[in-house]
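Me: I am new to this structure. Please show it to me, and then take my questions one at a time.

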Amino acid sequence: MIPRVRLPDGTEVPALGQGTWHMGETRDRAAAEAAALRAGIEAGMTLIDTAEMYGDGGAERVVGEAISGQRDRVFIVSKVYPHNASTAGVARAAAASLRRLRTDRIDLYLLHWRGAHPLAETVAAFETLRARGDIRFWGVSNFDVADFKELPEGAACATNQVLYNPERRGIEFDLLPFCRARAMPVMAYSPLGQAGRLLRSPALAAVAARHGATPAQVAIAWSLRDGSTICIPKAARPAHVAENAAAAALRLTAQDLAEIDAAHPPPSRKQPLGML
Ligand SMILES: NC(=O)c1ccc[n+]([C@@H]2O[C@H](COP(=O)([O-])OP(=O)(O)OC[C@H]3O[C@@H](n4cnc5c(N)ncnc54)[C@H](OP(=O)(O)O)[C@@H]3O)[C@@H](O)[C@H]2O)c1
């Protein structure tokens, strides 16, 4: 069973979903990528994160293929480029994303990162999409606490998608508590550290060995540990998809968490928001 997390209005979404960065970049891999996403949906990872940026629209096309015939089972997250975040730009970009996704609604639409367009204009454009039923919720990505202070008063932001894994935990100092205080789940991107150094961490390996799990599963369980974070690992290989879904059942102990803290300490002061 995949645990669920509440958005600020109480709507429940899966805490463990699937990322799509680098999908849809080449035609020859698209069918396998869509099959991987479908396998993930079958395993309960029904939240899918994509963006107009990924594969220059190609990832949204792969998602469209993966969800065809089962739209109502999935919760689709997509993102608009900052340079498209004007009134007219948001309307155009969302329409193009809807076409590529072959659906009539995006469940959660995010501003990918901050750009030059005034936030009030972007939020108003998101609210227009919401009123039309083109999107159900909107949110932001790569926002630090100071960025939130510039959002219009009372703005109904549903999430903040940020870099978060045991090696990149700067948000724990202030951003995570800030979002928690607003009942706004954080969406952890690159939870596996893009399969780089993090998955070779001796601390993660030791915890994994105790549980008969893999370091990737420990990283996923770590990001799900507080019950209020959404984790979106990307996996194009079927074995990775199965492994990631199974990580939802892994419960880390206090000793596991202490060992991870010792190797990858939480922040003791404000850090600049990490971004990829
Ligand atoms: N908002 C933003 O600015 C932003 C930035 C970065 C990412 N994101 C989103 O977050 C998603 C996840 O982040 P990410 O793609 O950067 O990195 P990630 O999920 O941390 O890592 C993806 C890499 O890990 C591999 N992998 C997956 N499962 C594995 C497993 N069980 N064992 C070993 N390796 C495994 C994948 O390989 P295979 O694909 O070969 O299976 C891929 O190479 C993205 O896809 C995207 O949707 C958002």
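Reply: Start with a definition: a residue is buried if 20 or more other C-beta atoms lie within 10 Å of its own, exposed if 12 or fewer, and partly exposed in between, with C-beta atoms placed from the backbone. This is a predicted model: local features need pLDDT of at least 70, side-chain atom pairs count only at pLDDT 80 or more, and totals for chains, interfaces and linings use all residues. Residues are numbered from 1 along each chain as its sequence is written.

Me: Is glycine 40 buried or exposed?

Reply: Glycine 40 sits in helix α1, residues 27-42. Helices (H or I, at least four residues) and strands (E, at least two) are DSSP runs, numbered from the N terminus. Glycine 40 has 27 C-beta neighbours inside 10 Å, so it counts as buried.

Me: Leaving aside neighbours within four places in sequence, which residues is glycine 40 in contact with?

Reply: Contact means that two C-beta atoms, placed from the backbone, lie within 7 Å. Beyond the neighbours within four places in sequence, the contacts of glycine 40 are Gln18, Met45, Val241 and Ala245.

Me: What share of the residues of the chain counts as buried?

Reply: The chain has 10 helices and nine strands. Its radius of gyration, taken over C-alpha atoms, is 18 Å, close to the 19 Å of the globule rule (2.2 Å times the number of residues to the power 0.38), so the chain is as compact as a globular protein of 276 residues. Of those 276 residues, the buried share is 49%.

Me: In what order do the seven strands of the open sheet lie?

Reply: Two strands pair if DSSP finds at least two bridges between them. The edge strands, β3 (47-49) and β9 (229-231), each pair on one side only. The pairing is parallel, and the order is β3-β4-β5-β6-β7-β8-β9.

Me: Which helix gives the most to the shell around the ligand?

Reply: Near means that a residue's C-beta atom, placed from the backbone, lies within 6 Å of the molecule or strand. Of the 27 residues around the ligand, Gly19, Trp21, Leu192, Ala195 and Lys234 come nearest. The most, three residues, comes from residues 238-246, helix α9.
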